[in-house]
Amino acid sequence: MFEVVSNEILAENLHKMVLVAPRIARARKAGQFVMVRLAQGEERIPLTIGDADPEAGTITLFIQAIGASTRKIVATPAGGSIRDVAGPLGKETHITNWGRVVCVGGGVGTAVLFPLVKALAEAGNQITTIIGGRSGRYIILADELAPLSEKLLITTEDGSLGFKGFVTGPLSEMLADPERAPQAVFAVGPVPMMKAVANMTREPGIETIVSLNPIMIDGTGMCGGCRVQVGDETKFACVDGPEFDAHLVDFDGLSDRLTSYRKEEAVRHAVTDCKIGKEVAR
Amino acid sequence: MSNKLSPKDRMAIERTHMAELPADNRSKNFEEVNLGLSPDQALSEAQRCLQCKNRECVAGCPVGVSIPEFIDALASDDLPRAAQILRGDNALPAVCGRVCPQETQCEALCVRGKKGDAVAIGYLERYVADWAMQHPEQLLAEAAPEPTGKSVAVVGCGPAGLTAAGELARQGHKVTIFEALHDTGGVLRYGIPEFRLPKEIIDREVAVLSALGVTIECNVIIGKTLTIPELRREFDAIFIANGAGLPTMLNIPGENLKGVYAANEFLTRVNLMEAGRREDSSTPILQRDEVAVIGGGNTAMDCVRTARRLGAKRAMIVYRRGEAEMPARVEEIKHAKEEGVEFVMLTAPIAIAATEDGWVSALRCQKMELGPPDDSGRRRPQAIEGSEFDLPAGIVINAVGTSANPLLTATAPDLALNKWGNILTSSEGETSIPGVFAGGDIVRGGATVILAMGDGKRAAAAINDYLKR
């Protein structure tokens, strides 16, 4: 059992949950995730470790409640407990001082981006962070990211906060300006967003890293459910990733595989308004 | 009652037949297929054993169960003693009595098999183990071992780890098992379906170990949550039995289409996560009318029989050699056939075809013929040119095998591995790091439950010696 220390609502459907998990807090590095199962009979869900405090023995998870399972998880109050939390899983982010780095976060991908920005800042990078969402209500962690970034840009599709448009807008302006063009780009968000970023940085040859969120069961390399095509190879996101070279990832294949259980989930969660086939909370 | 029949009387008794659920009924549910022996059947079968002096059957058992002795106790109607003998040699008798390939091990060496049918050792093992589970109050108490003050970490709660843990606890060592998943049993729980091995059996076997003082910590991934060097500082010895790893891919076009599963994913969803088995399981599983399973081992049989139970009208085994070459147990093949599974033999997959929206529509195959024997002694399959055909399928399951899991070994640089990433050990199971032992699939690649258990037992003996040094 893993005790919930705190559970705050950051934005609509977005919770910040702090859990007691001393071993994971000690071992965890930026970019890694945990497999979470609320109770007997529930799904195993991969969630990025947003932050950790090794001294307090706690980890922080940013959880977007978009499906039946994540909704149940975020309904656990402080003082309650989660039955299973296993990790840290996946490879840690390769962190170095590139110089100028752009970090792009879309929707809840921003929560996955947060630990990367933190680690990149600690390594001395000059970071421009671009975060986007459908509207201002979906913009998360802006206050936390601002002090870590040299510049924080916000985009919303409806223009209710920051620039009207997509995250790709400010990015393309930066790429076009030799003075501001980055040496590396990190992008985490919906698959179409990551694909668009990859397409923009491919030709200028800017190293671009994405963090992927395929369907996972065990998270330890056993089941192969999270496989993605990366270049000529089939990779397992749980052990080989979750971060990959964006220019080699088959985003269309990833996107398609994410819809595998759309029908099954729709039947099961008919009462909820879950619109995605499967939890993509990471 | 004593076991005092004449050899002639023993020879006159015919091998008993274990009752099974009718095939048309069981192929729609996950209830156990084999129903066990009645007391009369067990007694009669035990009396068939000639109690021969050279005990060849024991040599065929990877954990060296005292077979004639426990059968003699059973034939003498002394079940508590039979249970005590069995438990003394085998930490998981109710599991072995169900899933061991006795026909190629103990029973293959039974002298009665030379002329007629071998003694049904597996049935008797199951009978005694099940009796023991149902009659805990009649079991002979085990003398509590003298605590040695030594501690051992066991990595993995599968058959090898559980066996080693049991043996070590009985020697008085303090044992902690670290399990990566949220539940115990390893492959026994996530891999082997309920209709071959009810989960309750695993729970009960694990409870026996807990009663011996073994601690089990789930959700701890060695190599990630903790590393081997960290464990080495906290424990006097380590036994690594973290099991098989990544699925081996087929490397054919279409492998990442929707509806293509690796066997472990398919089985884990159904067995561990209870998808399709429990109405309210929150883990989904795809169900289609036509399911093609690639492979000829026990895992392939488990997949195809599971697919049938989930409602597949055509559940098919696609195997590139012939039925005689299949590595699966004879009983699994027989049960699968009775349940209506189709066997598409001498057929190799070459691609997976898709619908317009990215779902599997067919397995594209090629007919094979058998040529001369290869290194494994089995006749090598060769493609027949121009024999390509499409097998309609909505789900394709890859059950050709697994390769070594890198999670633990990646963070233990001093651990010597072979070129496939499996841990190198001595015949006793000792690795290149003193005090660290290993066994089961992480050493052998894909093997059986009983071979893993044999490794666990041997390594436990070696660890015990090591701790006394």
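Guide: In this predicted model, B:Lys337 lies over the face of B:Phe343, at 5.3 Å from the ring centre.

Visitor: Which ring has B:Arg15 over its face?

Guide: B:Arg15 lies over the face of B:Tyr123, with 5.4 Å to the ring centre.

Visitor: How many aromatic pairs does the structure hold, and how is such a pair read?

Guide: A pair of aromatic rings is described by the distance of the centres and the angle of the planes. Over all chains there are six aromatic pairs. One of them, A:Trp98 with A:Phe186, is edge-to-face, at 5.5 Å centre to centre and 75 degrees between the planes. The partners are 88 residues apart, A:Trp98 in the loop between strand 7 and strand 8 of chain A and A:Phe186 in strand 12 of chain A.

Visitor: Are A:Trp98 and A:Phe186 buried or exposed?

Guide: Both A:Trp98 and A:Phe186 are buried. In chain B, the pair B:Tyr261 and B:Phe266 is tilted, with 5.4 Å between centres and 55 degrees between planes; both of these residues are buried too.

Visitor: In which sense do strand 9 and strand 10 of chain A pair?

Guide: Strand 9 and strand 10 of chain A pair in the parallel sense, over six bridges, and A:Ile130 stands opposite A:Leu153 in strand 10 of chain A.

Technical notes
Residues numbered from 1 in each chain as written. Chains lettered and ligands numbered in written order. Predicted model: local features only at pLDDT ≥ 70, side-chain atom pairs only at ≥ 80, totals over all residues. Heavy atoms only, no water. Pairing = 2+ DSSP bridges. Helix = DSSP H or I, 4+ residues; strand = E, 2+ residues; numbered from the N terminus. Phe/Tyr/Trp six-rings, centres within 6.5 Å; stacked < 30°, edge-to-face > 60°. Buried < 20%, exposed > 50% of the residue type's maximum accessible area, 1.4 Å probe, protein only. Lys NZ or Arg CZ within 6 Å of the ring centre and 35° of its normal.
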